[in-house]
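Thanks for asking me to look this one over. Here are my notes as numbered points, to be read with the model open beside you.

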Amino acid sequence: MPIGNYIFKLTKRISIFGSTGSIGQNTLDLVRRDRHLYQVVVLTGGKNIEQLVKDSIEFHPEVVVTAYPDLLDALKTGIGDLDITVAAGDNAILEAADRPADWVMSAIVGVAGLAPTLKAVAQGTVLALANKESLVAAGQLLLREAAKSKTKIVPVDSEHSAIFQALLGEDINTVERIIITASGGAFRDFSQRELEFVTPAQAQIHPNWSMGQRITIDSASMFNKAMELIEAKEFFGLPETKIEAIIHPESLIHAIVGFNDGGMMAHLGPPDMRHAIGFALNYPGRKKINVARIDFKNINQLTFSEADEGRYPALRLAREVMRRGGLWGSGFTAAKEIALDRFIAKEIGFLDMVKVVELTLNNLDRLGVLSNEPKILSDIVNVDQEARQISRMVNV
Ligand code: NAD
Ligand code: MG
């Protein structure tokens, strides 16, 4: 490429997978503010065709994809005669992940995000990773692929963005511990007896953060924090013993890194994902982002309490997954997704979700399928499918 093209390359080509979701919409909000700096390459969504069409009209991507083939006609009708390629289905999402982009946001929810994320890391550019399930199910595989192509993965989960920022310029070998905070979710003050009877409608309201339905329920059950412990182990390559969770109801400190000289770096920010998304979007630089700031005059106190593994058995399971390694993370995420589906469908109770996951992992362990190290995507897909089958059937 002639030097001139570098000098005059003013726009960043960006693709957003899961653009209609909470993270996707927050990303587009930041892009909208500096529209002239970005060329949108890909937008993908699921069932919310109205949002996908609205954003396509505004951001004019090269290609727009819905995950659902039966919604292709509706999407085509909405796009009309705009010069945008319209497609549907999992393969179309994979093809879109191959389109050259300087920056890719991985914000599909669930293990469905893994295959497109793996495709996107082959590009050798920057991958903003919100889809924590990719790291939990296939951390080592994903990092290996990223290393091969020299893709820089920048975590978007607020706690992991916080750790990443606290580690800038530091040597990972000097890290003694990392502590990620948990708000405690919707039911942090509920008794065990009250927890038994909570409904999906109650669980999908978060006290501090505005997020998608699934991650909000996962926050209430502490499965979100369980996933984040595993995510931290995979991404930062630290042993399980150095990774802790703590309850911090104000959600202002997102993570703390403790170094071997006793010093600690805490990362603070208001509970607004646009900080972490904006950091990833501008990485390796920083740019002014006009979103809320913490006003310390209005904060009386920051409180912390133990994240008790007795009260939150999902955290105990996460420890087991971290200790065992191999394909335990794949089994864990898949079983958790089905347990969550079953809770949303009111087929099982709130406290039954963790039982479904534990029984599924025990079954898979007995079958001896979890101890291998995943080498290729199909290793993960096989365990994922088996875990889904078992967790659909286990009685609790
Ligand atoms: P969401 O439910 O609001 O949006 C999910 C997106 O994925 C939507 O665009 C949806 O259409 C798409 N999608 C759903 N199922 C799909 C499928 N089978 N195939 C393809 N696309 C599909 O979720 P969210 O809250 O934006 O979260 C997205 C990811 O980011 C999750 O992995 C979540 O854990 C992570 N995350 C979210 C937040 C947050 O504040 N929302 C914070 C940290 C991490
Ligand atoms: Mg988080």
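Two residues are in contact here when they have heavy atoms within 4.5 Å of each other. Please keep in mind throughout that this is a predicted model.

1. Setting aside neighbours within four places in sequence, Glu 337 is in contact with Gly 110, Val 111, Glu 133, Arg 214 and Arg 388. Glu 337 sits in helix H15, which covers residues 328-344. With a relative accessible area of 8%, Glu 337 is buried, because the cut-off for that word is under 20%.

2. Next, the overall layout. The chain is divided into domain 1 (2-155) and domain 2, the latter made of two stretches, 179-271 + 309-393. Their C-alpha centres lie 26 Å apart. At the boundary, 20 residues of domain 1 are in contact with 24 residues of domain 2.

3. How much area is buried between domain 1 and domain 2? The value is about 1800 Å², and carbon and sulfur atoms give 67% of that. On the domain 1 side, Lys 132, Leu 135 and Val 136 lose the most area to domain 2, and together they make up 34% of what that side buries.

4. The count of salt bridges between the two domains is one.

5. Glu 228 leads on to the metal. The magnesium ion (ligand 2) is coordinated by Asp 157 (OD), Glu 159 (OE) and Glu 228 (OE), at 2.1 to 2.3 Å. Along the chain these donors follow the spacing D-x1-E-x68-E. Asp 157 counts as buried, at 8% relative accessibility, and Glu 159 is buried as well, at 7%.

6. Which residues have the most contacts inside the largest nonpolar core? They are Met 105, Ile 178, Phe 236, Phe 332, Phe 350 and Met 353, in a core of 125 residues. Helix H12 (residues 223-236) supplies the largest share of this core, with eight residues. Domain 1 and domain 2 both give residues to the core, so it lies between them.

7. Not counting residues up to four places away in sequence, Ile 178 touches Ile 163, Ala 232, Phe 236, Leu 238, Lys 242, Ile 243, Glu 244, Ile 256 and Val 257. Phe 236 in that list is itself one of the core residues with the most contacts.

8. Helix H11 deserves a moment too. The buried residues of H11 are Thr 216, Ile 217, Asp 218, Ser 219, Ala 220 and Ser 221. What covers them includes helix H10 (200-203), H12, helix H14 (313-324), H15 and helix H16 (352-367).

9. A few backbone details are worth checking on screen. Met 222, in the loop between H11 (213-221) and H12, has a phi near 75 degrees, which is a positive value in a residue other than glycine. Met 222 is buried, at 2% relative accessibility. Ser 251 is not a glycine either, and has a positive phi of about 50 degrees. Ser 251 lies in the loop between strand S9 (243-247) and strand S10 (253-259), and is buried with a relative accessible area of 4%.

10. Where is the cis peptide bond from Tyr 283 to Pro 284 to be found? Pro 284 lies in the loop between helix H13 (274-282) and strand S12 (305-306). The omega of this bond is near 5 degrees.

11. Finally, Gly 18. It is found in the loop between strand S1 (12-17) and helix H2 (22-33), and is buried with a relative accessible area of 10%. Leaving aside neighbours within four places in sequence, Gly 18 is in contact with Gly 24, Thr 44, Ala 107 and Ile 108. Its C-alpha atom is separated by 30 Å from that of Arg 316, which is 298 residues away along the chain.

Notes
Residues are numbered from 1 along each chain as its sequence is written. Chains are lettered from A and ligands numbered from 1 in the order in which they are written. This is a predicted model: local features need pLDDT of at least 70, side-chain atom pairs count only at pLDDT 80 or more; totals for chains, interfaces and linings use all residues. Side-chain values use heavy atoms; hydrogens and water are left out. A nonpolar core is a set of buried Ala, Val, Leu, Ile, Met, Phe, Trp, Tyr and Cys residues joined through side-chain atoms within 4.5 Å. Buried means under 20% relative accessible area, exposed over 50%, partly exposed in between (1.4 Å probe, protein chains only). Helices (H or I, at least four residues) and strands (E, at least two) are DSSP runs, numbered from the N terminus. Domain bounds come from an automatic or database domain assignment. Donors are N, O and S atoms within 2.8 Å of the metal (3.2 Å for Na, K and Ca); water is not among the atoms, so sites may look incomplete. Buried area is the accessible area (1.4 Å probe) that two parts lose on being put together, summed over both. A salt bridge is a side-chain nitrogen of Lys or Arg within 4 Å of a carboxyl oxygen of Asp or Glu.
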